[in-house]
Each structure stands twice: as structure tokens, then as C-alpha cells.
Amino acid sequence: MNKSKMSYAVVCIGVFAALIFVMTMFVKIPSPITPGAYYHLGDGVIFVVAYLFGPVVSALTAAISSTLADVLLGVAIYAPATFIIKGCMGLVCSAWFSYLLNKGNAHPLRYVFPMICSVIIMCVGYYLWEVLVMSVDYLACLPGVLANAVQGTAGIILFYILYVPVRRIAKGNIERIK
């Protein structure tokens, strides 16, 4: 990667990491399912980043911003899990989007499956973290799985709300960084 592309990648990571951070930290709704938990729209921005940029940029952007939000929200115990889980979400979703775009099968409805897979990664990842690392009873963690699924679904909906304007802006203006 030449210096120009590297600079562009760093700027994109910074701008979109800030957007994910803001949507995670400040746009939150208390969860009626899990006491103390909340829903946020950061996952929707992760999906937008995955659509616009390649897997490496998406993974780094999602991991850095979401982890920073956890630390500043006072749930630093989740930070290592968040770094891995959100990074994997960005990586998997973006790699799949790239495959669909390169193959020419870029119909918007085809994007739902990669996002669902990313939501499953999030649900399973946080469940395993709570059970294996935090030693929470495996049954007590099940409401958190449902809460994460609801949050991920909200992220998918946000992606589709933003899809048309983002696609118009990105067309010809943003080069996918692999």
C-alpha cells in the first residue's frame, strides 16, 4: 500500500471510528431484557463501514471504536472481548460484502446474510466471554444473547436506512481499501 492509500486508510479509520464511538456511547436505549445493559446503533455503522471499505479497515475501525466506548462507559471488563468480537464482525461482514461486490451479486437483500452472521458472532462471542471468562452462570447469560440479537437487528435496519444515501455518496468517491 502506498503512502497516499495508507494516509487515506488512517483518516477513514479515524472518522468512522469516531462515528461508531458516538453511536455507541451517546445514542443508547436502556434494555428492558437485561438490567444495566443498553442498545446502541454502533453496529449499524460497523455494517456501513464494512460496505464501504475492505476487511482490514472495517475490522480495525470496529474494534478500536467499540473497545474505547466500553472503557469510557465503565464496562472495561468487556473491552478485550469487544475488541475481538467487533473486529471479527467488521472483518467477516466486509469480506463477504467484498465477495458479493466483486462477483457482481450486489443486490441489497444479499447483504442481510453477512450481517446476520456478524450478529451471531456478537451473540456467541459475548455469551462465551460471560460464561468462560466472567464465570457467569450459563443460563443467566441467555437474556444477554437476546439483547445482543435485538441490538444487531437494529444495526441491520440502520444499515438499510443508510444504504441508498451511502451508496450514492460512495459511488465513484470512495475506493474500497482492502
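Predicted model: local features only at pLDDT ≥ 70, side-chain atom pairs only at ≥ 80, totals over all residues.
Residues are numbered from 1 along each chain as its sequence is written.

Colleague: Which pattern does the protein chain follow along the sequence?
Modeller: Helices (H or I, at least four residues) and strands (E, at least two) are DSSP runs, numbered from the N terminus. The protein chain has six helices and two strands. Read along the sequence, the pattern is α-β-β-α-α-α-α-α.

Colleague: What radius of gyration does the protein chain have?
Modeller: The radius is taken over C-alpha atoms, and the globule rule is 2.2 Å times the number of residues to the power 0.38. For 178 residues, a compact globule would come near 16 Å. The protein chain agrees, with 16 Å.

Colleague: Is C123 buried or exposed?
Modeller: Buried means under 20% relative accessible area, exposed over 50%, partly exposed in between (1.4 Å probe, protein chains only). C123 has a relative accessible area of 9%, so C123 is buried.

Colleague: How many disulfides does the structure hold?
Modeller: A disulfide is a pair of cysteine sulfur atoms within 2.5 Å. For C117, the nearest cysteine sulfur, that of C93, is 8.8 Å away. The sulfur of C123 is 12 Å from the closest cysteine sulfur, in C117, which is too far for a bond. The number of disulfides in the structure is zero.

Note on methods: Heavy atoms only, no water.
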